[in-house]
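Please consult the sequence and structure shown below while reading.

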Amino acid sequence: MRRRRGAGFTLVLPFTVLLVLTVLVPVLYTVYLSLFTDRLSGLGFDGPRQLFVGLGNYLSVLVDRAFGQSVLTVALYALVQVPVMLVLAMVLALLLDSAVVRLRQVWTLALFLPYAVPVVIGGLIWAYLYSPGIGPLASLLHFDPLSGRGILPAVVNIATWQWVGYNVVIFYTALRAVPKEILEAARADGAGPVRTALTIKVPLVRPTAFVALVFTVIGSLQLFTEPLVLRSFTGAVTSTWTPSLYVYESAFITNDYGRAAAASVLLAVVSAVLSALVMRLSTRRYR
């Protein structure tokens with residue numbers, strides 16, 4: 001019995017060490033930084049001194065209008081991008097799982113390819129496609145995708161193009177695991193392909209959809225690379241357009257690490273709360 005326990009502890013030890021070093025220690029250090037700020041004393045010749053301010057950085061972030069505007073931008077982005085991408089991914093997965101589509105592996109690979117493209121490269125590709133006088137989309141669309149009115153749909157399009165294939169593979173894998181006996185029974189009862197998909201397949205893969213929803217919501221709150229790339233092509237994306245850009249601006253432009261850490265902690269708390277709400281909603285549906 002002791003040998004089994006010893007073997008179990010030995011197997012768990014590497015994971016525990018990695019978890020502590022890569023997750024717990026950075027989180028605790030971020031919380032520590034958020035309680036301090038750097039201030040100059042006297043004439044400033046001695047350099048900045050680290051002062052304990054407690055929750056001062058958190059209050060400063062919460063009352064900052066730029067941070068509030070960035071949260072509003074991400075909220076609008078998530079309200080549009082999350083349902084569009086998940087619904088589109090589910091529809092494409094259902095088509096791949098049906099008997100209508102041939103060469104399923106080829107189409108699956110084609111849909112997954114954008115995910116294999118680095119986010120920065122994908123952002124640059126779409127930025128040139130959006131640019132007036134260079135890309136074709138600016139002349140085809142009835143609005144400028146790099147303007148203040150069109151920048152949010154442009155970012156939604158980039159993120160959807162980048163991640164929809166990833167979710168298609170997840171949904172398609174879940175659909176392939178649906179028992180064939182249930183599908184055969186539905187066909188025997190006279191259910192057509194559309195009715196089978198909506199009443200049989202989609203409810204059975206709903207747990208997978210909730211997991212994808214959690215990941216998508218967290219990814220939406222962490223929106224960073226796409227607007228950062230587009231900043232070089234448009235003035236509609238400011239340095240504090242999203243909370244992640246706000247953190248980047250505070251940490252690496254103004255060197256206010258305490259404010260950046262506080263904003264990061266607040267963003268992590270919001271992500272955790274939203275994830276918990278989604279998971280609680282999913283568990284209630286299956287009780």
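The protein chain holds 13 helices and two strands; helices (H or I, at least four residues) and strands (E, at least two) are DSSP runs, numbered from the N terminus. The model is predicted, with local features requiring pLDDT of at least 70 and side-chain atom pairs counting only at pLDDT 80 or more, while totals for chains, interfaces and linings use all residues. Residues are numbered from 1 along each chain as its sequence is written, and side-chain values use heavy atoms, without hydrogens and water.

The C-alpha trace spans about 85 × 75 × 30 Å along its principal axes. Of the 287 residues in the chain, 34% are buried; buried means under 20% relative accessible area, exposed over 50%, and partly exposed in between (1.4 Å probe, protein chains only). Among contacts (heavy atoms within 4.5 Å) with a separation of 6 or more, 63% join residues 24 or more positions apart.

Thr216 belongs to helix α10 (residues 206-221) and counts as buried because its relative accessibility is 8%. Beyond its neighbours within four places in sequence, Thr216 contacts Gln81, Val82, Met85, Leu86 and Asn167. The C-alpha atoms of Thr216 and Leu86 are 8.5 Å apart, although 130 residues separate the two in sequence.

Thr37 is part of strand β1 (residues 36-40). At 12% relative accessibility, Thr37 is likewise classed as buried. Residues up to four places away in sequence aside, Thr37 touches Arg49, Gln50, Leu51, Val53, Asn57 and Asp256.

**Aromatic pairs**

Rings of Phe, Tyr and Trp (its six-membered ring) pair if their centres lie within 6.5 Å; planes under 30 degrees apart count as stacked, over 60 as edge-to-face and the rest as tilted. The chain has 13 aromatic pairs by this rule. Two of the pairs are listed here.

| Pair | Centre to centre | Angle between planes | Class |
|---|---|---|---|
| Phe67 and Tyr246 | 5.2 Å | 65° | edge-to-face |
| Tyr115 and Tyr166 | 4.9 Å | 35° | tilted |

Phe67 in helix α3 (residues 65-97) and Tyr246 in helix α12 (residues 243-253) are 179 residues apart, and their pair links distant parts of the chain. Phe67 is buried at 9% relative accessible area, and Tyr246 is buried at 2%.

Tyr115 lies in helix α4 (residues 104-116) and Tyr166 in helix α7 (residues 151-176), so their pair ties together parts 51 residues apart in sequence. Tyr115 is partly exposed, at 31% relative accessible area, as is Tyr166 at 27%.

Ring pairs also join Tyr29, Tyr32, Phe36 and Phe52 into a cluster.
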